[in-house]
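Look at the sequence and the structure first, then read on.

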Amino acid sequence: MRFLPYLLAGLAFGFVLIKSEAASWYRIMEMFHFQSFHMFGIMATAIATGLAGIRLLKRCDRLHTLEGEAIAIPEKPPGHLNYVLGGIIFGLGWGVIGLCPGPIFALVGMGSIGALAALAGALHGTWLYGYLKNRLPH
């Protein structure tokens, strides 16, 4: 029962991804070819919602996690090169496979065999990063 709120939030997120067509390979390819504003509009809405949510969390010091811990959002250290390189790698993967992690899980939940292959690749890449992490520059 402890994880029920997280499960419900994940189900709601997956439902929104599917209904908004954010998990549609065709919509994603339209975005990469600059043929439609649909995905850019979804991303702009997500960014605005995230910014508002983070500002609210930083202002309300009485909010706590479900486990009762205080919510603290640390400042990011200087040096944005890691974020730029990570974003480039993420974007290349997104462009090659046509999916990012959220839609992969939503499509697996809908029974997509192709999404299972993408999930296997994502999990393999995560394992590979964990294996090579100590040898990579950070």
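## Pockets and helix packing

In this predicted model, 25 residues line the largest pocket, and Gly86, Ile89, Phe90, Gly125 and Tyr129 are the ones that lie nearest its centre. The space in the largest pocket comes to about 890 Å³. Three helices, α4 (81-97), α5 and α6, each supply at least two residues of its lining. The most comes from α6, which gives nine residues to the lining of the largest pocket. Sorted by class, this lining holds 18 nonpolar and seven polar residues, and no charged ones.

The second largest pocket holds about 400 Å³ of space. Its lining consists of 16 residues, and Leu17, Ala22, Ile42, Met43 and Ala46 are the closest to its centre. Two or more lining residues come from each of α1 (4-19), α3 (38-59), α4 and α5. Here α3 has the largest share, with six residues. The lining of the second largest pocket divides into 13 nonpolar residues, three polar residues and no charged residues.

What is the secondary structure of the chain as a whole? It comes to six helices and zero strands. Along the sequence, the pattern reads α-α-α-α-α-α. Taken along the principal axes, the box filled by the C-alpha atoms is roughly 45 × 40 × 35 Å.

The next topic is how some of these helices pack. Two packed helices are described by the angle between their axes and the distance between the axes.

| Helix pair | Angle between axes | Distance between axes |
|---|---|---|
| α5 (residues 101-109) and α6 (residues 113-132) | roughly 140 degrees | within 8 Å |
| α2 (residues 25-32) and α3 | about 90 degrees | 7 Å |
| α2 and α4 | about 125 degrees | 10 Å |

Consider α5 and α6, whose axes come within 8 Å and cross at roughly 140 degrees. This angle makes α5 oblique to α6. The crossing of α5 and α6 is left-handed. On the α5 side, the contact is made by Ile104, Phe105, Leu107 and Val108, and on the α6 side by Ala115, Leu116, Ala118 and Leu119.

Next come α2 and α3, with an angle of about 90 degrees between them and axes 7 Å apart. At that angle, α2 is roughly perpendicular to α3. Arg27, Ile28 and Met31 of α2 meet His38, Met39, Phe40 and Met43 of α3. By class, the contact of α2 with α3 has five nonpolar residues, one polar residue and one charged residue. Met43 of α3, which meets α2 here, is also among the residues closest to the centre of the second largest pocket.

The remaining pair is α2 and α4, which pack at about 125 degrees with their axes 10 Å apart. This makes α2 oblique to α4. The crossing of α2 and α4 is left-handed. From α2, the residues in contact are Trp25, Ile28, Met29, Met31 and Phe32, and from α4 they are Trp94, Gly95 and Ile97. These residues of the contact of α2 with α4 divide into seven nonpolar, one polar and no charged.

Notes:
Residues numbered from 1 in each chain as written. Predicted model: local features only at pLDDT ≥ 70, side-chain atom pairs only at ≥ 80, totals over all residues. Heavy atoms only, no water. Axes fitted to C-alpha atoms, helices over the stretch in contact; angles between N-to-C directions. Helix = DSSP H or I, 4+ residues; strand = E, 2+ residues; numbered from the N terminus. Parallel < 35°, antiparallel > 145°, perpendicular 65-115°, else oblique. Left-handed = near helix turned anticlockwise from the far one by under 90°. Contact = heavy atoms within 4.5 Å. 1 Å grid on protein atoms, 1.4 Å probe; cavity = no way out; pocket = protein on both sides within 12 Å on 5 of 7 lines; lining within 4 Å. Points joined across faces, edges and corners; volume = space filled by probe spheres on them. Nonpolar A, V, L, I, M, F, W, Y, C, P; charged D, E, K, R; others polar.
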